[in-house]
Structure formats: C-alpha cells, structure tokens
Amino acid sequence: MRKLTILFLCIATLGLASCKKDTIVYPPSAKTYNRYIEPNQWVQNSNGTYSFTWNKPEFDGVTLDDEGVLVYFTHPTSDNSDVQLPYTFNYTVYSYELFSGGITFDVQDSRNLNSSVRPNYRILVKVVVIPSEFVN
C-alpha cells in the first residue's frame with residue numbers, strides 16, 4: 001500500500017509540474033526612426049544627383065559595426081505602401097549611405113548619371129535599426 005501511495009504521489013507531482021507554463025515576453029529591441037523629406041530639402045550635387053543628409057547621433061559606430069539597418073521610402077505612386085532601399089522606379093535610383101552620425105539618401109537617373117530629377121513629393125523615410133550581438 002505504501003509503494004502504491006508513493007507511486008501516485010510521484011505521478012501527481014510530475015503531472016502538476018509539467019502543466020506549468022511560463023510565458024516570457026521580451027520588449028521589442030529594434031528601433032524605428034521616421035522623418036519626412038520635403039521636395040525642397042534635396043540638394044543637387046556637382047555630379048547632377050540629388051542628396052539629403054539626415055544627421056542622427058543615434059546612428060553611431062555600434063550601428064555601423066554590429067547592428068542591422070533597413071531603410072524604407074514611401075512609394076512614389078502610393079502613400080499606402082513603402083519600398084525598401086535601394087530601389088529603382090521609372091529609371092530613378094534611390095539609395096543611401098549610412099555613416100557614424102547620420103545617413104545620406106541619394107537620387108539619380110539610371111540612364112544618365114550626370115542628370116537627375118529632384119523628387120517632387122513628400123517622402124516618409126523609415127530607418128529600422130535592429131540590434132545584434134557581434135560574434136567573431
């Protein structure tokens with residue numbers, strides 16, 4: 001009888017222990033930075049392309065060395081969708097360069113690199129920085 005009681009007690013203990021459920025929720029660690037670029041904020045470079053520089057101290061050496069960065073622009077024909085840079089639309093190439101302290105966006109014509117058309121619409125820029133751990 002004693003062995004049977006110990007057996008039932010062990011089974012009940014295992015059954016109760018296996019039903020315990022821990023839900024671990026980690027806060028989101030990626031950060032999204034939004035900014036609008038107005039048509040008059042594009043600056044023409046000496047080579048005919050247009051650029052806009054967004055100085056952002058949050059884009060530092062750690063961002064350059066270890067983190068992942070995704071960049072999106074409002075689609076030229078729809079405010080309800082975004083496109084990821086770099087991309088080409090109607091022979092216009094949109095790209096970016098990330099540096100410590102900011103990011104520069106470039107616009108140029110894919111057919112004639114010495115001549116470009118300034119974007120004539122307001123662009124919502126989304127820069128998503130995804131933290132990552134450096135592994136050597």
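1. Strands S6 and S7 pair in the antiparallel sense over three bridges, where strands are DSSP runs of E with at least two residues, numbered from the N terminus, and two strands pair if DSSP finds at least two bridges between them. This is a predicted model, in which local features need pLDDT of at least 70 and side-chain atom pairs count only at pLDDT 80 or more, while totals for chains, interfaces and linings use all residues. Residues are numbered from 1 along each chain as its sequence is written, and side-chain values use heavy atoms, with hydrogens and water left out.

2. How many aromatic pairs does a search of the whole structure find? The search finds six, a pair being rings of Phe, Tyr or Trp (its six-membered ring) whose centres lie within 6.5 Å, with planes under 30 degrees apart counted as stacked, over 60 as edge-to-face and the rest as tilted. One of them joins phenylalanine 73 and tyrosine 94 edge-to-face, at 5.9 Å centre to centre and with 75° between the planes. Because phenylalanine 73 lies in strand S4 (residues 68-75) and tyrosine 94 in strand S7 (residues 92-99), this pair ties together parts that are 21 residues apart in sequence. Phenylalanine 73 and tyrosine 94 are both buried.

3. Tyrosine 94 also pairs with tyrosine 87, here in a stacked arrangement with 4.7 Å centre to centre and 10° between the planes. One aromatic cluster is formed by Phe73, Tyr87, Tyr94 and Phe105.

4. A further ring contact involves tyrosine 36, over whose ring the charged end of arginine 122 sits, 3.7 Å from the ring centre (the criterion is NZ of Lys or CZ of Arg within 6 Å of the ring centre and within 35 degrees of the ring normal).

5. Threonine 49 is placed in the loop between strand S2 (43-44) and strand S3 (50-55), and its relative accessibility of 4% means that threonine 49 counts as buried. The side chains of threonine 49 and asparagine 47 are joined by a polar contact of 2.8 Å; such a contact is a pair of N or O atoms within 3.5 Å, of which, within protein, one must be able to donate a hydrogen and the other to accept it, and residues adjacent in sequence count only if both atoms are side-chain atoms.

How values were computed: Helices (H or I, at least four residues) and strands (E, at least two) are DSSP runs, numbered from the N terminus. Buried means under 20% relative accessible area, exposed over 50%, partly exposed in between (1.4 Å probe, protein chains only).
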